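Colleague: Please take a close look at one part of this model for me, the aromatic cluster. Then set it in the context of the rest of the chain.

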Amino acid sequence: MPQIPEKIHELTVGQLSARSGAAVSALHFYESKGLIGSRRTPGNQRRYTRDTLRRVAFIRAAQRVGIPLATIRDALAELPEERTPNREDWARLSEAWRGELEERIRQLGRLRDHLTDCIGCGCLSMETCVLSNPDDVFGDRLTGSRLMAERRDRRESRKPPARA
């Protein structure tokens, strides 16, 4: 791992990438999503403060446990401006994410236990599916892959109406 002298207070995107292990494209993506920030030099090059290393580590750790970037961004937005997440922040936020992770673990356990019964999406040609259609509750009114479209339609109908 390349060492960066303490006298250097800002990092180039290449230095940040090398130290954090995140690809340059990932760092640009994180910045476009508001997860990290940089300043631009007169030559339009990005410069990151050293504390961005901890912020990137936080983002990558949260991603590794399956937390969506939008949720990570919301969590980082709760922190006072320019402050990087610390151990207490991680403990508080990870506790808040625990229920979501437990649900995912439960779903993955069901998938593992019934994987040989599943053909992928669980609704293309099977009459019953213990994953997507337990006890064939949809069998009386739907057939085929329409099950997936109906779920998407229901999610869309729960969204608040768009403002004009």
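Modeller: Start with the rule for ring pairs. Rings of Phe, Tyr and Trp, the last by its six-membered ring, pair if their centres lie within 6.5 Å. Planes under 30 degrees apart count as stacked, those over 60 as edge-to-face, and the rest as tilted. Keep in mind that the model is predicted.

By this rule there are 3 aromatic pairs. Take F58 and W97. Their ring centres are 6.4 Å apart, and the planes meet at 55°, so this pair is tilted.

Next comes W90 with W97. This aromatic pair is edge-to-face. The distance is 5.9 Å centre to centre, with 80° between the planes. W97 has 7% relative accessibility and so counts as buried. W90 has 29% and so counts as partly exposed. The cut-off behind this is simple: buried means under 20%, exposed means over 50%, and partly exposed is in between. Put together, ring pairs link F58, W90 and W97 into a cluster.

Now the surroundings. Helix α2 spans residues 24-32, and its buried residues are L27, Y30 and E31. Seen down the helix axis, they fall within an arc of 100°, so they line one face of α2. The face turned away from that buried side carries the exposed residues S25 and S32. Just after α2, G34 has a positive phi of about 80°.

S20 gives a local view of the α1 side. S20 lies in helix α1 (residues 13-20). Its relative accessible area is 19%, so S20 is buried. The S20 side chain reaches the backbone oxygen of L16 at 2.7 Å. Leaving out residues up to four places away in sequence, S20 touches L27, L53, V56 and R60. L27 is one of the buried residues of α2.

N44 lies between β2 (39-40) and β3 (46-49). Its phi is near 65°, a positive value in a residue other than glycine. Most residues other than glycine have a negative phi.

Finally, the whole chain. The protein chain has 6 helices and 3 strands. Along the sequence, the pattern reads β-α-α-β-β-α-α-α-α. Of the 164 residues, 27% are buried. Among contacts with a separation of 6 or more, 45% come from residues 24 or more positions apart. The chain exposes about 11200 Å², and carbon and sulfur atoms supply 52% of that area.

Technical notes
Residues are numbered from 1 along each chain as its sequence is written. This is a predicted model: local features need pLDDT of at least 70, side-chain atom pairs count only at pLDDT 80 or more; totals for chains, interfaces and linings use all residues. Side-chain values use heavy atoms; hydrogens and water are left out. Helices (H or I, at least four residues) and strands (E, at least two) are DSSP runs, numbered from the N terminus. Buried means under 20% relative accessible area, exposed over 50%, partly exposed in between (1.4 Å probe, protein chains only). A polar contact is a pair of N or O atoms within 3.5 Å; within protein, one must be able to donate a hydrogen and the other to accept it, and residues adjacent in sequence count only if both atoms are side-chain atoms. Contact means heavy atoms within 4.5 Å. The arc is that of the directions from the helix axis to the C-beta atoms. Accessible areas come from the Shrake-Rupley method with a 1.4 Å probe; for residues, only the protein chains shown count as cover.
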